[in-house]
Amino acid sequence: MSTSLLLRQVRHLSTAAATTSSSSSAISISKAKAKLRSELDPDKALEIYSSVSNHYTSPVSSRYAQDLTVKRLAKSRRFADIETLLESHKNDPKITQESYISTLIRSYGLAGMFDHALKTYNQMDDLGTPRSAISFNALLSACNQSKLFNQVPKLFKEIPQKYGFLPDRVSYGVLVKSYCESGSPELAIETMNEMEDKGIEITTVTFTTILDAFYKKGNRDEAERIWNEMLKKGCLPDVAVYNVRLMHHSQGGEAENVKGLIEEMSNLGLKPDTISYNYLMTCYCKCGMMDEAKKVYQGLEENGCYPNAATFRTLIYHMCRSEDFEEGYEMFKKSVKVHKIPDFNTLKHLVHGLVKKSKIDEAKRMCWTAKKKFPANFLNAWRKLEEQLDLAAIPSSGTGHLDGSDHV
DNA sequence: GTAGGGTTAG
(Lines give C-alpha, C1' and ligand atoms only; values in the text may rest on other atoms or scores of the structure.)
Protein backbone atom coordinates (compact mmCIF):
# COMPACT_ATOMS: atom_id res chain seq x y z
CA MET A 1 0.00 0.00 0.00
CA SER A 2 1.34 3.45 -0.88
CA THR A 3 1.92 5.91 1.92
CA SER A 4 -0.37 8.60 0.57
CA LEU A 5 -3.17 6.10 0.16
CA LEU A 6 -2.55 4.86 3.64
CA LEU A 7 -2.61 8.34 5.09
CA ARG A 8 -5.86 9.06 3.36
CA GLN A 9 -7.22 5.93 4.92
CA VAL A 10 -5.94 6.93 8.35
CA ARG A 11 -7.64 10.27 8.01
CA HIS A 12 -10.82 8.56 6.92
CA LEU A 13 -10.64 6.19 9.86
CA SER A 14 -10.14 8.86 12.45
CA THR A 15 -13.05 10.85 11.05
CA ALA A 16 -15.14 7.72 10.89
CA ALA A 17 -14.34 7.06 14.49
CA ALA A 18 -16.40 10.11 15.29
CA THR A 19 -19.59 8.44 14.11
CA THR A 20 -18.99 4.70 14.30
CA SER A 21 -17.35 2.99 17.20
CA SER A 22 -15.20 0.22 15.75
CA SER A 23 -13.95 -1.69 12.77
CA SER A 24 -13.78 -5.46 12.82
CA SER A 25 -10.51 -5.71 10.91
CA ALA A 26 -8.53 -3.74 13.49
CA ILE A 27 -5.92 -5.51 15.58
CA SER A 28 -5.61 -5.04 19.31
CA ILE A 29 -3.44 -2.23 20.59
CA SER A 30 -1.14 -4.54 22.55
CA LYS A 31 -0.58 -6.68 19.47
CA ALA A 32 0.14 -3.55 17.45
CA LYS A 33 2.65 -2.30 20.00
CA ALA A 34 4.55 -5.58 19.87
CA LYS A 35 4.58 -5.47 16.07
CA LEU A 36 5.62 -1.81 16.00
CA ARG A 37 8.55 -2.43 18.31
CA SER A 38 10.15 -4.83 15.86
CA GLU A 39 9.08 -2.97 12.71
CA LEU A 40 11.77 -0.66 11.43
CA ASP A 41 10.17 0.14 8.08
CA PRO A 42 8.20 3.40 8.38
CA ASP A 43 5.60 2.38 5.78
CA LYS A 44 4.87 -0.87 7.53
CA ALA A 45 4.83 0.91 10.88
CA LEU A 46 2.26 3.31 9.50
CA GLU A 47 0.20 0.41 8.25
CA ILE A 48 0.20 -1.24 11.67
CA TYR A 49 -0.58 2.03 13.36
CA SER A 50 -3.46 2.81 11.03
CA SER A 51 -5.12 -0.44 11.98
CA VAL A 52 -5.42 0.70 15.59
CA SER A 53 -5.50 4.49 15.39
CA ASN A 54 -9.28 4.53 15.23
CA HIS A 55 -9.39 2.57 18.45
CA TYR A 56 -8.29 5.32 20.74
CA THR A 57 -8.99 4.19 24.26
CA SER A 58 -6.88 6.30 26.59
CA PRO A 59 -3.97 8.67 26.10
CA VAL A 60 -1.51 6.30 27.72
CA SER A 61 -2.35 3.23 25.69
CA SER A 62 -2.41 4.85 22.26
CA ARG A 63 0.48 7.22 22.91
CA TYR A 64 3.09 4.50 22.69
CA ALA A 65 1.91 3.25 19.31
CA GLN A 66 1.70 6.79 17.99
CA ASP A 67 5.15 7.67 19.32
CA LEU A 68 6.76 4.63 17.73
CA THR A 69 5.18 5.37 14.36
CA VAL A 70 6.21 9.02 14.47
CA LYS A 71 9.75 8.09 15.47
CA ARG A 72 10.05 5.68 12.53
CA LEU A 73 8.79 8.33 10.13
CA ALA A 74 11.04 11.02 11.62
CA LYS A 75 14.05 8.79 11.24
CA SER A 76 13.29 8.62 7.52
CA ARG A 77 12.75 12.39 7.51
CA ARG A 78 9.16 11.98 6.41
CA PHE A 79 7.91 15.13 8.10
CA ALA A 80 5.07 15.77 5.67
CA ASP A 81 3.70 12.32 6.47
CA ILE A 82 3.96 13.02 10.19
CA GLU A 83 2.02 16.23 9.72
CA THR A 84 -0.72 14.51 7.73
CA LEU A 85 -0.97 11.78 10.31
CA LEU A 86 -1.09 14.01 13.38
CA GLU A 87 -3.26 16.72 11.81
CA SER A 88 -5.81 14.07 10.88
CA HIS A 89 -6.37 13.46 14.58
CA LYS A 90 -7.60 17.00 15.03
CA ASN A 91 -10.86 15.93 13.37
CA ASP A 92 -11.54 13.63 16.28
CA PRO A 93 -14.11 14.97 18.75
CA LYS A 94 -11.73 13.96 21.55
CA ILE A 95 -9.61 16.92 20.54
CA THR A 96 -11.48 18.89 23.22
CA GLN A 97 -9.85 16.63 25.83
CA GLU A 98 -6.65 18.20 27.02
CA SER A 99 -4.88 14.86 27.39
CA TYR A 100 -5.70 13.93 23.80
CA ILE A 101 -4.31 17.09 22.22
CA SER A 102 -1.31 16.78 24.54
CA THR A 103 -0.31 13.51 22.86
CA LEU A 104 -0.26 15.33 19.51
CA ILE A 105 1.88 18.14 20.93
CA ARG A 106 4.29 15.62 22.41
CA SER A 107 4.48 13.63 19.18
CA TYR A 108 5.39 16.74 17.21
CA GLY A 109 8.18 17.29 19.70
CA LEU A 110 9.39 13.73 19.28
CA ALA A 111 9.69 14.40 15.55
CA GLY A 112 11.64 17.58 16.23
CA MET A 113 8.76 19.64 14.83
CA PHE A 114 8.45 22.18 17.61
CA ASP A 115 6.81 24.81 15.38
CA HIS A 116 3.91 22.40 14.82
CA ALA A 117 3.78 21.61 18.54
CA LEU A 118 3.48 25.29 19.38
CA LYS A 119 0.92 25.85 16.64
CA THR A 120 -1.18 23.01 18.04
CA TYR A 121 -0.87 24.44 21.54
CA ASN A 122 -2.04 27.84 20.31
CA GLN A 123 -4.96 26.24 18.46
CA MET A 124 -6.46 25.06 21.72
CA ASP A 125 -8.47 28.27 22.09
CA ASP A 126 -10.18 27.69 18.73
CA LEU A 127 -10.69 24.02 19.38
CA GLY A 128 -12.26 24.73 22.76
CA THR A 129 -9.77 22.63 24.70
CA PRO A 130 -9.17 23.77 28.29
CA ARG A 131 -5.62 24.50 29.42
CA SER A 132 -3.81 23.43 32.53
CA ALA A 133 -0.31 22.23 33.36
CA ILE A 134 -1.00 19.05 31.35
CA SER A 135 -0.79 20.57 27.88
CA PHE A 136 1.83 23.03 29.09
CA ASN A 137 4.02 20.13 30.17
CA ALA A 138 3.50 18.50 26.78
CA LEU A 139 4.64 21.72 25.10
CA LEU A 140 7.71 22.04 27.32
CA SER A 141 8.62 18.40 26.67
CA ALA A 142 8.21 18.95 22.94
CA CYS A 143 10.64 21.83 23.24
CA ASN A 144 13.22 19.64 24.96
CA GLN A 145 12.63 16.79 22.51
CA SER A 146 13.25 19.21 19.66
CA LYS A 147 16.52 20.16 21.35
CA LEU A 148 15.44 23.78 21.83
CA PHE A 149 16.64 23.77 25.42
CA ASN A 150 17.15 27.53 25.59
CA GLN A 151 13.50 28.19 24.83
CA VAL A 152 12.13 26.24 27.78
CA PRO A 153 12.91 28.86 30.49
CA LYS A 154 11.26 31.53 28.34
CA LEU A 155 8.08 29.48 27.84
CA PHE A 156 8.12 28.64 31.53
CA LYS A 157 8.10 32.31 32.42
CA GLU A 158 5.47 33.42 29.92
CA ILE A 159 2.83 30.77 29.40
CA PRO A 160 1.47 29.99 32.90
CA GLN A 161 1.19 33.71 33.55
CA LYS A 162 -0.57 34.34 30.25
CA TYR A 163 -3.22 31.63 30.78
CA GLY A 164 -3.47 31.77 34.54
CA PHE A 165 -2.40 28.37 35.83
CA LEU A 166 0.49 27.25 38.01
CA PRO A 167 3.37 25.05 36.83
CA ASP A 168 3.44 21.73 38.69
CA ARG A 169 6.32 19.46 39.73
CA VAL A 170 6.44 17.97 36.24
CA SER A 171 6.73 21.41 34.62
CA TYR A 172 9.64 22.12 36.95
CA GLY A 173 11.08 18.72 36.07
CA VAL A 174 11.17 19.63 32.39
CA LEU A 175 12.72 23.00 33.21
CA VAL A 176 15.43 21.26 35.24
CA LYS A 177 16.06 18.93 32.31
CA SER A 178 16.45 21.87 29.92
CA TYR A 179 19.10 23.47 32.16
CA CYS A 180 20.93 20.17 32.45
CA GLU A 181 20.87 19.68 28.69
CA SER A 182 22.24 23.19 28.18
CA GLY A 183 25.19 22.17 30.32
CA SER A 184 24.12 24.24 33.35
CA PRO A 185 23.23 21.85 36.15
CA GLU A 186 24.00 24.78 38.49
CA LEU A 187 20.87 26.51 37.18
CA ALA A 188 19.01 23.27 37.73
CA ILE A 189 20.04 23.34 41.38
CA GLU A 190 18.83 26.93 41.63
CA THR A 191 15.51 25.78 40.20
CA MET A 192 15.37 23.06 42.81
CA ASN A 193 15.83 25.66 45.55
CA GLU A 194 13.04 27.68 44.01
CA MET A 195 10.80 24.61 44.07
CA GLU A 196 11.53 24.16 47.72
CA ASP A 197 10.58 27.79 48.46
CA LYS A 198 7.31 27.35 46.59
CA GLY A 199 6.49 24.08 48.31
CA ILE A 200 6.69 22.00 45.13
CA GLU A 201 7.76 18.44 45.78
CA ILE A 202 11.22 17.46 44.58
CA THR A 203 11.16 13.82 43.55
CA THR A 204 13.71 11.14 42.74
CA VAL A 205 13.09 11.93 39.06
CA THR A 206 14.34 15.51 39.43
CA PHE A 207 17.41 14.37 41.35
CA THR A 208 18.10 11.74 38.68
CA THR A 209 18.18 14.40 35.97
CA ILE A 210 20.73 16.47 37.88
CA LEU A 211 22.79 13.48 38.97
CA ASP A 212 23.12 12.36 35.36
CA ALA A 213 24.11 15.88 34.26
CA PHE A 214 26.98 16.10 36.76
CA TYR A 215 28.26 12.65 35.83
CA LYS A 216 28.14 13.62 32.15
CA LYS A 217 30.18 16.71 32.94
CA GLY A 218 32.74 14.48 34.61
CA ASN A 219 32.00 16.09 37.96
CA ARG A 220 31.80 12.98 40.07
CA ASP A 221 32.15 14.75 43.42
CA GLU A 222 29.16 16.95 42.71
CA ALA A 223 27.21 13.90 41.48
CA GLU A 224 27.90 12.11 44.74
CA ARG A 225 26.85 15.20 46.69
CA ILE A 226 23.51 15.21 44.81
CA TRP A 227 23.03 11.51 45.52
CA ASN A 228 23.57 12.08 49.24
CA GLU A 229 21.27 15.07 49.27
CA MET A 230 18.59 13.02 47.58
CA LEU A 231 18.79 10.38 50.31
CA LYS A 232 18.88 13.06 53.01
CA LYS A 233 15.68 14.59 51.61
CA GLY A 234 13.99 11.21 51.96
CA CYS A 235 13.61 10.50 48.25
CA LEU A 236 13.61 6.74 47.72
CA PRO A 237 16.12 5.45 45.16
CA ASP A 238 14.62 3.47 42.28
CA VAL A 239 15.94 1.41 39.36
CA ALA A 240 16.35 4.42 37.04
CA VAL A 241 18.54 6.39 39.41
CA TYR A 242 20.69 3.32 40.02
CA ASN A 243 21.03 2.87 36.27
CA VAL A 244 22.49 6.36 36.02
CA ARG A 245 25.08 5.42 38.61
CA LEU A 246 25.70 2.06 36.92
CA MET A 247 26.17 3.76 33.55
CA HIS A 248 28.86 6.08 34.79
CA HIS A 249 30.69 3.48 36.82
CA SER A 250 30.60 0.95 33.98
CA GLN A 251 32.15 3.49 31.61
CA GLY A 252 35.30 3.46 33.71
CA GLY A 253 35.37 -0.32 33.61
CA GLU A 254 35.03 -0.59 37.40
CA ALA A 255 33.69 -4.14 37.41
CA GLU A 256 33.77 -4.53 41.19
CA ASN A 257 31.95 -1.25 41.79
CA VAL A 258 29.30 -2.06 39.21
CA LYS A 259 28.78 -5.50 40.69
CA GLY A 260 28.53 -3.85 44.09
CA LEU A 261 25.87 -1.42 42.90
CA ILE A 262 23.78 -4.27 41.50
CA GLU A 263 24.00 -6.01 44.88
CA GLU A 264 23.12 -2.77 46.63
CA MET A 265 19.96 -2.55 44.51
CA SER A 266 18.92 -6.07 45.41
CA ASN A 267 19.53 -5.40 49.09
CA LEU A 268 17.16 -2.44 48.84
CA GLY A 269 14.52 -4.64 47.26
CA LEU A 270 14.97 -3.09 43.82
CA LYS A 271 14.94 -5.45 40.84
CA PRO A 272 17.73 -4.59 38.35
CA ASP A 273 16.29 -4.50 34.82
CA THR A 274 17.76 -5.34 31.42
CA ILE A 275 19.48 -1.95 31.27
CA SER A 276 21.14 -2.55 34.64
CA TYR A 277 22.40 -5.97 33.59
CA ASN A 278 23.54 -4.61 30.24
CA TYR A 279 25.80 -2.17 32.07
CA LEU A 280 27.25 -4.96 34.17
CA MET A 281 27.76 -7.04 31.05
CA THR A 282 29.37 -4.15 29.14
CA CYS A 283 31.69 -3.55 32.05
CA TYR A 284 32.82 -7.18 32.11
CA CYS A 285 33.35 -7.13 28.33
CA LYS A 286 35.50 -4.01 28.62
CA CYS A 287 37.61 -5.65 31.31
CA GLY A 288 38.11 -8.66 29.05
CA MET A 289 36.04 -10.82 31.41
CA MET A 290 33.98 -12.42 28.64
CA ASP A 291 33.01 -15.47 30.69
CA GLU A 292 31.54 -13.24 33.39
CA ALA A 293 29.71 -11.24 30.71
CA LYS A 294 28.20 -14.40 29.26
CA LYS A 295 27.09 -15.48 32.70
CA VAL A 296 25.18 -12.22 33.07
CA TYR A 297 23.47 -12.89 29.74
CA GLN A 298 22.63 -16.45 30.73
CA GLY A 299 21.24 -15.31 34.06
CA LEU A 300 18.92 -12.66 32.56
CA GLU A 301 15.87 -14.81 32.35
CA GLU A 302 16.05 -16.21 35.87
CA ASN A 303 16.24 -12.59 36.99
CA GLY A 304 13.01 -11.89 35.15
CA CYS A 305 14.66 -9.93 32.33
CA TYR A 306 14.78 -10.33 28.56
CA PRO A 307 17.80 -9.52 26.41
CA ASN A 308 17.26 -6.55 24.08
CA ALA A 309 19.04 -5.44 20.92
CA ALA A 310 21.75 -3.69 22.98
CA THR A 311 22.41 -6.92 24.89
CA PHE A 312 23.11 -8.75 21.66
CA ARG A 313 25.00 -5.86 20.14
CA THR A 314 27.37 -5.59 23.09
CA LEU A 315 28.02 -9.33 23.28
CA ILE A 316 28.50 -9.73 19.53
CA TYR A 317 30.73 -6.68 19.31
CA HIS A 318 33.05 -7.91 22.06
CA MET A 319 33.01 -11.50 20.79
CA CYS A 320 34.23 -10.12 17.46
CA ARG A 321 36.94 -8.14 19.23
CA SER A 322 38.19 -11.28 20.92
CA GLU A 323 37.89 -13.15 17.60
CA ASP A 324 35.18 -15.50 18.87
CA PHE A 325 33.25 -15.26 15.62
CA GLU A 326 31.52 -18.62 15.87
CA GLU A 327 30.21 -17.68 19.26
CA GLY A 328 29.15 -14.34 17.82
CA TYR A 329 27.29 -16.17 15.08
CA GLU A 330 25.44 -18.27 17.64
CA MET A 331 24.51 -15.06 19.43
CA PHE A 332 23.30 -13.56 16.14
CA LYS A 333 20.98 -16.51 15.64
CA LYS A 334 19.53 -16.00 19.11
CA SER A 335 18.95 -12.32 18.37
CA VAL A 336 17.07 -13.20 15.19
CA LYS A 337 14.94 -15.68 17.04
CA VAL A 338 13.67 -13.05 19.47
CA HIS A 339 13.55 -10.23 16.87
CA LYS A 340 16.26 -8.15 18.55
CA ILE A 341 18.82 -7.90 15.78
CA PRO A 342 21.76 -5.55 16.43
CA ASP A 343 22.76 -2.74 14.11
CA PHE A 344 24.40 -3.11 10.70
CA ASN A 345 27.90 -2.04 11.76
CA THR A 346 28.14 -4.64 14.52
CA LEU A 347 26.98 -7.36 12.18
CA LYS A 348 29.38 -6.21 9.48
CA HIS A 349 32.28 -6.98 11.83
CA LEU A 350 30.83 -10.42 12.38
CA VAL A 351 30.43 -11.21 8.66
CA HIS A 352 34.01 -10.08 8.01
CA GLY A 353 35.22 -12.26 10.88
CA LEU A 354 33.36 -15.33 9.68
CA VAL A 355 34.88 -14.93 6.21
CA LYS A 356 38.31 -14.46 7.74
CA LYS A 357 37.87 -17.76 9.58
CA SER A 358 36.60 -19.41 6.37
CA LYS A 359 33.13 -19.84 7.80
CA ILE A 360 31.69 -18.99 4.39
CA ASP A 361 28.43 -20.82 4.78
CA GLU A 362 27.67 -19.08 8.06
CA ALA A 363 28.54 -15.71 6.53
CA LYS A 364 26.20 -16.37 3.61
CA ARG A 365 23.38 -17.41 5.91
CA MET A 366 23.88 -14.28 7.97
CA CYS A 367 23.58 -11.99 4.95
CA TRP A 368 20.60 -13.92 3.68
CA THR A 369 18.80 -13.50 6.99
CA ALA A 370 19.85 -9.91 7.53
CA LYS A 371 18.52 -8.87 4.12
CA LYS A 372 15.15 -10.23 5.14
CA LYS A 373 15.13 -8.78 8.64
CA PHE A 374 16.46 -5.28 8.04
CA PRO A 375 14.30 -2.47 6.66
CA ALA A 376 14.30 -2.08 2.90
CA ASN A 377 16.71 0.87 2.92
CA PHE A 378 19.46 -1.44 4.20
CA LEU A 379 19.16 -3.88 1.32
CA ASN A 380 21.83 -2.12 -0.71
CA ALA A 381 24.29 -2.05 2.16
CA TRP A 382 23.93 -5.80 2.64
CA ARG A 383 24.19 -6.51 -1.09
CA LYS A 384 27.35 -4.45 -1.25
CA LEU A 385 28.83 -6.34 1.67
CA GLU A 386 27.95 -9.67 0.02
CA GLU A 387 29.64 -8.57 -3.18
CA GLN A 388 32.75 -7.34 -1.42
CA LEU A 389 33.15 -10.65 0.36
CA ASP A 390 32.04 -12.77 -2.58
CA LEU A 391 29.08 -14.19 -0.65
CA ALA A 392 26.37 -13.52 -3.21
CA ALA A 393 25.72 -17.17 -4.07
CA ILE A 394 23.09 -19.25 -2.28
CA PRO A 395 24.38 -20.89 0.92
CA SER A 396 25.64 -24.38 0.11
CA SER A 397 23.54 -26.42 2.52
CA GLY A 398 19.81 -25.77 2.55
CA THR A 399 18.02 -22.50 2.07
CA GLY A 400 19.48 -20.90 5.13
CA HIS A 401 16.41 -20.22 7.19
CA LEU A 402 17.57 -18.53 10.36
CA ASP A 403 14.30 -17.18 11.63
CA GLY A 404 13.44 -19.99 13.97
CA SER A 405 12.44 -22.52 11.31
CA ASP A 406 15.71 -24.40 11.35
CA HIS A 407 19.30 -24.04 12.41
CA VAL A 408 18.42 -22.28 15.67
C1' DG B 1 -1.39 12.27 33.08
C1' DT B 2 2.66 14.63 32.12
C1' DA B 3 9.26 14.81 34.08
C1' DG B 4 14.50 11.00 34.97
C1' DG B 5 18.03 6.17 33.14
C1' DG B 6 19.69 2.66 26.96
C1' DT B 7 25.03 6.73 21.00
C1' DT B 8 25.66 0.71 27.25
C1' DA B 9 31.27 1.70 20.37
C1' DG B 10 34.96 1.63 17.08
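What share of the contacts in chain A with a separation of 6 or more comes from residues 24 or more positions apart? The share is 65%, a contact being heavy atoms within 4.5 Å.

This is a predicted model, in which local features need pLDDT of at least 70, side-chain atom pairs count only at pLDDT 80 or more, and totals for chains, interfaces and linings use all residues. Residues are numbered from 1 along each chain as its sequence is written, chains are lettered from A, and side-chain values use heavy atoms, without hydrogens and water.

**View 1. Chain A contains 22 helices and 0 strands.** Helices (H or I, at least four residues) and strands (E, at least two) are DSSP runs, numbered from the N terminus. Of its 408 residues, 49% are buried (under 20% relative accessible area, 1.4 Å probe, protein chains only).

**View 2. Ile210 belongs to the largest nonpolar core.** That core has 99 residues. Such a core joins buried Ala, Val, Leu, Ile, Met, Phe, Trp, Tyr and Cys residues through side-chain atoms within 4.5 Å. Leaving out residues up to four places away in sequence, Ile210 touches Val176, Cys180, Ala188, Ile189, Met192 and Ile226.

**View 3. Helix α20 covers residues 344-356.** Its buried residues include Phe344, Leu350 and Val351. They pack against α18 (309-321), α19 (325-337), α21 (360-373) and α22 (379-388). Val351 is also among the residues with the most contacts inside the largest nonpolar core.

Note on methods
Buried means under 20% relative accessible area, exposed over 50%, partly exposed in between (1.4 Å probe, protein chains only). The expected span of a helix is 1.5 Å times one less than its number of residues.
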